[in-house]
Amino acid sequence: GYSYFPVTDRFNFTPVQGAKDTMYWASHNTTSSMRIYRWQEDSGTIYWNDVTIPAWTSTPRGSALCPTAEGYNPCARLDDRILSGWISNWDGYPGEPVLGFFWNVQEGGGFAMPYVNSAVFKERDRTYLARPYIWNASWAWIYAAGAPNARGDLGVSLTHVPNGGYPNHSVLINDDVNGAPPGWEGYWVVSSGSAGPSDNKWGDYHRVRPHFPAGLQWTATGWVLNASGTSLPKYVIFGRERDNKSLNRWILN
């Protein structure tokens with residue numbers, strides 16, 4: 001047997017990575033409000049909070065633009081559904097786990113290029129804390145996925161598209177080294193692309209998870225296109241140098 005929760009008044013649900021005995025998930029109410037749900041493992045009751053967040057630009061599919069060198073548009077499939085959520089630590093709130101969510105937003109409203117918007121909340125009462133969006137004036141950031149490692153630090157996998165360039169696979173970290181974003185520490189190009197999508201479609205298939213068994217690094221999936229337009233799936237392990245021993249004992253033996 002199983003329990004279920006039918007809803008018909010919203011577009012999508014996005015659960016968090018890193019949940020333990022309580023699962024959290026979220027959906028947009030409006031461009032300035034989110035509904036955060038919670039369901040304890042030992043309960044048959046689902047609760048939710050409607051929380052006000054900073055307003056952002058509505059992004060219907062086909063409204064975002066990030067031109068490549070050939071004039072293709074990898075951002076044409078973007079919409080503003082929530083794509084990823086997590087529970088992690090956050091600089092400035094020691095001992096306060098936070099809930100966070102990512103979604104795509106088109107250019108406009110002070111942003112020259114499409115970007116990844118975000119909202120972060122205290123886990124214990126869903127109080128809104130911050131908007132650590134991922135953006136740049138010269139390239140688009142799209143399709144971000146985040147997850148915590150065993151330490152509670154956050155790893156992110158996503159695509160960035162230089163204005164007039166090609167989509168690339170990138171990863172970001174938020175931990176005690178770099179402090180709370182804005183100010184994401186990143187490897188801007190893990191894998192370089194050599195072409196844009198001729199059908200003006202890019203996927204939403206980024207995933208990131210703790211790398212087991214140690215759980216201190218992350219594994220991330222992404223993809224790029226080669227010069228002939230063939231898709232090249234990518235799998236990368238990333239993390240801090242301080243944790244190399246916990247990784248090397250497994251991958252070198």
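I call a residue buried when its relative accessible area is under 20%, exposed when over 50% and partly exposed in between, with a 1.4 Å probe and protein chains only. The model is predicted, so I take local features at pLDDT of at least 70 and side-chain atom pairs only at pLDDT 80 or more, while totals for chains, interfaces and linings use all residues. Residues are numbered from 1 along each chain as its sequence is written, and side-chain values use heavy atoms, without hydrogens and water.

**Entry 1: aromatic pairs.** I searched the whole structure and found 25 aromatic pairs. Rings of Phe, Tyr and Trp (its six-membered ring) pair if their centres lie within 6.5 Å; planes under 30 degrees apart are stacked, over 60 edge-to-face and the rest tilted. I looked up Phe-111 and Trp-135: the ring centres are 6.0 Å apart and the planes stand at 85 degrees, so this pair is edge-to-face. Phe-111 sits in the loop between β6 (98-105) and β7 (115-122), and Trp-135 in the loop between β8 (128-130) and β9 (139-148), so the pair ties together parts 24 residues apart in sequence. Strands here are DSSP runs (E, at least two residues), numbered from the N terminus. Phe-111 counts as buried at 13% relative accessibility, whereas Trp-135, at 43%, counts as partly exposed. I also noted one aromatic cluster formed by Phe-5, Phe-13, Trp-25, Tyr-37, Trp-39 and Trp-48.

**Entry 2: the sheet.** I traced an open sheet of 8 strands with mixed pairing, in the order β4-β3-β2-β1-β5-β6-β7-β8. Two strands pair if DSSP finds at least two bridges between them. At the edges stand β4 (46-52) and β8, each with a single partner strand, so one side of each has no neighbour in the sheet. From one strand to the next, the twist averages 30 degrees. I find β3 and β4 antiparallel and joined by 7 bridges; Ile-36 has Asn-49 in β4 as its bridge partner.

**Entry 3: the nonpolar cores.** A nonpolar core is a set of buried Ala, Val, Leu, Ile, Met, Phe, Trp, Tyr and Cys residues joined through side-chain atoms within 4.5 Å. The largest holds 18 residues, of which Met-34, Ile-53, Phe-101, Trp-103 and Phe-121 touch the most other members. The elements giving this core two or more residues are β2 (22-30), β3 (33-40), β5 (82-88), β6 and β7; β6 supplies the largest share, 4 residues. Apart from this core I located another, of 16 residues, including Val-120 and Trp-141.

Note on methods
Axes are lines fitted to C-alpha atoms, for helices over the stretch in contact, and angles run from 0 to 180 degrees between N-to-C directions.
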